Amino acid sequence: MATLPKFAYFKGRIVPYSEAKVGVLTHALHYGTAVFGGLRGYWNEEEEQLFIFRPRDHYKRFLLSAKILRMEVSYTIEDLVQITKDLLRAEGHRTDVYIRPLLYLSDEVIGVRLHGLHPELTMVSVPFGTYVTNDTNAHVTFSSWRRIDDNMIPPRGKIAGAYVNTALIKSDAELAGFDEALVLTQDGHVSEGSAENIFIVRDGVLITPPVTDNILEGITRRTIIQLAREELGLPVVERPIDRTEIFICDELFLTGTAAQVTAVTRVDHRPIGEGKMGPITAQLRELFQQVVRGKHPKYRHWLEPVYE
Ligand code: PMP
């Protein structure tokens, strides 16, 4: 059993986790009317410092997700960064952590709508290691589910209710013995993983679906695109990906805050490339770890230190 957080940010202050409770009629609980974020903090042993990775980019997306749901929020990005630091300090973490901010419609009323309701902010953090069980040679499948569409539940927002789609995809994949699943758009292009963006390598070119293929606009995706271009000098192309390109690509990996850079080496029992992690994936994994732990001076500005 996972250990519970000691503290939560709840109704404007940091309280013991056991005091952060909502009523069973809470709107978001019934209708999925909440938006969330998912950030990581990385512990740097030499500096005895906890670094939050790209918190301002995460909180910008968080507030834009809230905007899609018509939430009127008074918190600024800087307020959210400060609350995160206060919460992490209260916990006193000295390990890698996951941070979960949530804005939920807190009214205890019956009636599906978005307007005229009150969003409440809460936040917790927990120690966190790897997310995909097998992140160096994952075996994935194509999900029989389809990705939600921008005109249904916008995947561009990190909307709580939309994650039922993720849960269907993930459980069916894991219960069938796979580590993860890839999911297609309604028109049959590769969208993303259950909770990760996807990249393929073909002939030295890094390819990832465009933001219009019903993906979440991932912070890790953006990070990897920049690192690939600037540090490895790789061409990066954002374009739709066909299903069969997955079978013939040289390398395949997934990116996400939780999944980091997960190497995929088999898809539906077909080997990707030579059936083991490819060189570009390995380089990007290594580079990513240096960056998030503050070991790459050029990208220190992406990190927010928690402790004074
Ligand atoms: N797609 C989905 C559906 C996700 O839930 C996530 C995780 N937040 C991602 C992609 C990756 O996004 P990020 O790199 O910002 O964590």
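**Rings and ligand**

Modeller: Happy to! Ring pairs link F53, F288, Y299 and W302 into a cluster; rings of Phe, Tyr and Trp (its six-membered ring) pair if their centres lie within 6.5 Å, with planes under 30 degrees apart counted as stacked, over 60 as edge-to-face and the rest as tilted. Please keep in mind that this is a predicted model, where local features need pLDDT of at least 70 and side-chain atom pairs count only at pLDDT 80 or more, while totals for chains, interfaces and linings use all residues. Residues are numbered from 1 along each chain as its sequence is written, and side-chain values use heavy atoms, leaving out hydrogens and water.

Colleague: How many aromatic pairs does a search of the whole structure find, and what is the angle between the planes of W43 and Y307?

Modeller: The search gives 10 aromatic pairs. W43 and Y307 form one that is edge-to-face, with 6.5 Å centre to centre and 80° between the planes.

Colleague: How many residues apart are W43 and Y307?

Modeller: W43 sits in strand β4 (residues 39-44), and Y307 in the segment after β17 (303-305); strands here are DSSP runs of E, at least two residues, and helices are runs of H or I, at least four, numbered from the N terminus. The pair links distant parts of the chain, 264 residues apart.

Colleague: Why does W43 count as buried?

Modeller: Buried means under 20% relative accessible area, exposed over 50%, and partly exposed in between (1.4 Å probe, protein chains only). W43 counts as buried because its relative accessibility is 8%.

Colleague: Why is the pair of Y299 and W302 stacked?

Modeller: Both Y299 and W302 are buried. Their ring centres are 4.8 Å apart, and the pair is stacked because the planes lie at 25°.

Colleague: On to the ligand: which polar side-chain atom lies 2.5 Å from a ligand oxygen?

Modeller: A polar contact is a pair of N or O atoms within 3.5 Å. An oxygen atom of the ligand is 2.7 Å from an N or O atom in the side chain of R61, and one is 2.8 Å from a polar backbone atom of I219. The atom at 2.5 Å from a ligand oxygen belongs to the side chain of T220.

Colleague: How much of the ligand's exposed area does the protein bury?

Modeller: Accessible areas come from the Shrake-Rupley method with a 1.4 Å probe. Taken alone, the ligand exposes 390 Å², and the protein buries 97%.

Technical notes: Polar contact = N/O pair within 3.5 Å; in protein donor to acceptor, adjacent residues only side chain to side chain.
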